[in-house]
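The structure is shown first, and the notes follow by topic.

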Amino acid sequence: MSNGIFSVPKDYNEPIHSYLPGSAERDSLKAELDRQSAEIVDIPLVIGGREIFTDSVKDVVMPHDHRHVIARCSIAGEAELKAAIDAALEAKGKWQAMPFEHRAAIFLKIADLLTTKYRAAINAATMLGQSKTVFQAEIDSACELADFFRFNVANAQTIYSQQPNNSVGIWNRVEYRPLDGFVVAITPFNFTSIAGNLPTAPALMGNTVIWKPSTTAVHSNYLLMKIMIEAGLPAGVINFVPSRGVDVSKYVLPHPKMAGFHFTGSTEVFSGVWSTVGQNIRTYESYPRLVGETGGKDFIFAHNTADVKALAAAMVRGAYEYQGQKCSAASRAFIPASIWDETLAAVKEHVSKIKVGDVRDFTNFMGAVIDRASFDNIKGYIDRAAASPDAEVLFGSYDDSVGYFVQPTLILAKKPDYESMVKEIFGPVLTVYVYDDDKLDETLRICDTASPYGLTGAIFAQDRYVIAHMEAALSGAAGNFYINDKPTGAVVGQQPFGGSRASGTNDKAGSTLNLYRWISPRCIKETFVPSYAVSYPYMSEK
Ligand code: NAD
């Protein structure tokens with residue numbers, strides 16, 4: 001019995017550690033990298049709190065050293081996926097009845113464990129398994145993930161405290177129930193924080209969840225699962241089932257009690273899931289909530305009043321950090337002819353200093369792309385550009401002999417609808433289209449309409465009339481829009497993230513908008529002294 005109206009701790013952004021030479025945090029991270037590099041983790045499924053090892057096993061390798069196995073992951077099949085549904089449904093009653101302060105305490109404790117006891121371990125796992133540099137791992141698996149937990153707890157309290165008006169003799173209350181059934185979370189490889197947020201946001205709101213991680217990110221994701229259990233997450237609330245995506249679509253999605261789907265990944269997969277749900281719509285007990293943050297073709301658009309040095313730095317960081325595998329990464333740029341030579345020279349100057357290699361060497365700015373399929377896909381774009389009369393590869397190369405390495409690549413497109421100007425590549429490839437300075441409006445229209453996505457975009461200009469004009473012209477082109485800054489690096493609680501069009505449902509992870517999707521409100525009206533009347537005064541003739 002909770003006889004108190006509690007306030008959750010104030011949310012805040014986790015400070016970023018710098019890992020400077022000689023610092024204690026750098027030493028402990030290096031020690032952890034050595035320790036994890038020397039072991040092979042056996043990763044089980046976790047269903048109803050029980051670890052289950054299957055006969056079907058997949059090797060997990062370091063993308064920057066692809067012969068080096070760091071984990072062997074059990075893969076769930078039909079029987080295990082169905083067992084996970086049963087476990088989620090069994091755990092639901094007790095979990096949704098648990099007072100909010102206790103649910104919240106678990107997630108706040110996970111944030112604190114992540115940023116203290118397990119900070120080095122989660123960063124090392126993200127570096128080795130997903131090939132992130134120390135800075136990229138720190139802002140993802142330590143900071144952003146903790147931010148999601150702390151902000152979501154505060155956001156949940158904001159939602160729960162919203163109550164309707166009352167009138168004399170009547171008390172109205174709204175309670176925010178979880179959805180009626182279970183939630184499925186399918187997560188991508190590229191952010192440990194997103195992998196953590198997708199199952200936990202619905203769980204915080206009282207739902208029980210089936211979590212299918214990406215097998216290329218499973219090393220860090222399993223460590224997170226273990227931290228959640230250590231923090232007191234009860235059995236069955238989140239069921240961890242590495243598996244083939246198609247099996248989840250086949251055995252889990254059509255279940256009558258599937259009440260919500262929380263996804264981040266490609267547009268193609270989300271569209272496929274949406275059609276599967278559509279085909280099964282008559283079998284569900286409720287209308288499933290579908291939340292998906294998907295692909296992007298994120299842009300940098302410069303005006304001839306742009307500060308060229310800032311523009312060039314944004315192009316390099318925006319396009320090449322984490323090998324261009326952020327959904328927000330700049331992958332097309334529109335540069336006016338009058339500043340192109342100066343911009344290219346500044347970009348080349350930066351890129352000449354970039355080192356690509358094993359992320360355990362802290363002097364590297366970039367690691368490897370995630371796997372063979374991704375490497376081959378990116379290589380295809382570079383090879384076709386090299387052979388095309390409509391494009392020119394200004395710099396860039398690749399080599400997969402040790403790791404899946406792609407050097408920062410710049411393609412010059414001679415027409416604005418050249419394939420690498422409009423398709424998502426998800427690698428360190430930036431394509432530039434140089435436009436005539438006097439064709440600003442025509443080029444803004446191309447930027448707005450040439451690709452189907454609407455995720456992130458940045459403009460560079462100094463003239464305030466021009467900034468206002470460009471902002472208005474591109475109002476539908478991005479859910480996260482930047483002025484004189486790179487289009488990456490959104491921070492929870494500061495730049496709520498997500499896009500529309502083919503980029504997803506734009507439910508802004510880490511904000512109240514996202515949490516609203518995982519609740520089903522019930523309005524309760526209580527009348528203290530009920531009326532006995534049936535007829536109304538106006539019915540009288542006198
Ligand atoms: P992906 O779509 O290949 O995989 C995402 C998840 O879906 C993985 O767990 C995968 O195993 C699973 N999956 C694959 N096929 C499936 C199927 N048929 N049914 C069900 N699940 C299936 O994406 P990825 O390579 O992991 O991540 C890169 C993509 O994610 C890019 O398109 C990127 O833009 C997008 N992304 C978007 C955001 C955003 O906020 N908009 C953030 C991160 C990544």
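A polar side-chain atom of Ser266 lies 2.6 Å from an oxygen atom of the ligand, which counts as a polar contact (a pair of N or O atoms within 3.5 Å; within protein, one must be able to donate a hydrogen and the other to accept it, and residues adjacent in sequence count only if both atoms are side-chain atoms). This is a predicted model, in which local features need pLDDT of at least 70 and side-chain atom pairs count only at pLDDT 80 or more, while totals for chains, interfaces and linings use all residues. Residues are numbered from 1 along each chain as its sequence is written, and side-chain values use heavy atoms, with hydrogens and water left out.

**Ligand contacts and cover**
- The backbone also takes part: a polar backbone atom of Gly265 is 3.3 Å from an oxygen atom of the ligand, and a polar backbone atom of Thr294 is 2.8 Å from a nitrogen atom of the ligand.
- On its own the ligand has 850 Å² of accessible area, of which the protein covers 83% (Shrake-Rupley method, 1.4 Å probe).

**The shell around the ligand**
- The ligand is surrounded by 26 residues, and the closest are Thr187, Ser249, Ser266, Cys327 and Glu424 (a residue is near if one of its heavy atoms lies within 4 Å).
- Helix H8 (245-251) and strand E10 (258-264) are the elements that give two or more residues to this shell; helices (H or I, at least four residues) and strands (E, at least two) are DSSP runs, numbered from the N terminus.
- H8 provides the largest share, three residues.
- Twelve residues of the shell are nonpolar, eleven polar and three charged (Ala, Val, Leu, Ile, Met, Phe, Trp, Tyr, Cys and Pro count as nonpolar, Asp, Glu, Lys and Arg as charged, and the others, Gly among them, as polar).
- Domain 1 (34-294 + 504-525) and domain 2 (298-483) each give at least three residues to the shell; the bounds come from an automatic or database domain assignment.

**Three-stranded sheet**
- The order in this open sheet is E1-E5-E4, with mixed pairing (two strands pair if DSSP finds at least two bridges between them).
- Strand E1 (41-43) and strand E4 (57-62) are the edge strands, each pairing on one side only.
- E4 and strand E5 (residues 65-74) are antiparallel over six bridges, and Asp59 has Arg72 in E5 as its bridge partner.

**Seven-stranded sheet**
- A second open sheet with mixed pairing runs in the order E14-E17-E18-E13-E12-E20-E21.
- Strand E14 (391-395) and strand E21 (480-483) each have a single partner strand, so one side of each is left without a neighbour in the sheet.
- E14 pairs with strand E17 (residues 409-413) in the antiparallel sense over four bridges, and Ala391 stands opposite Ala413 in E17.
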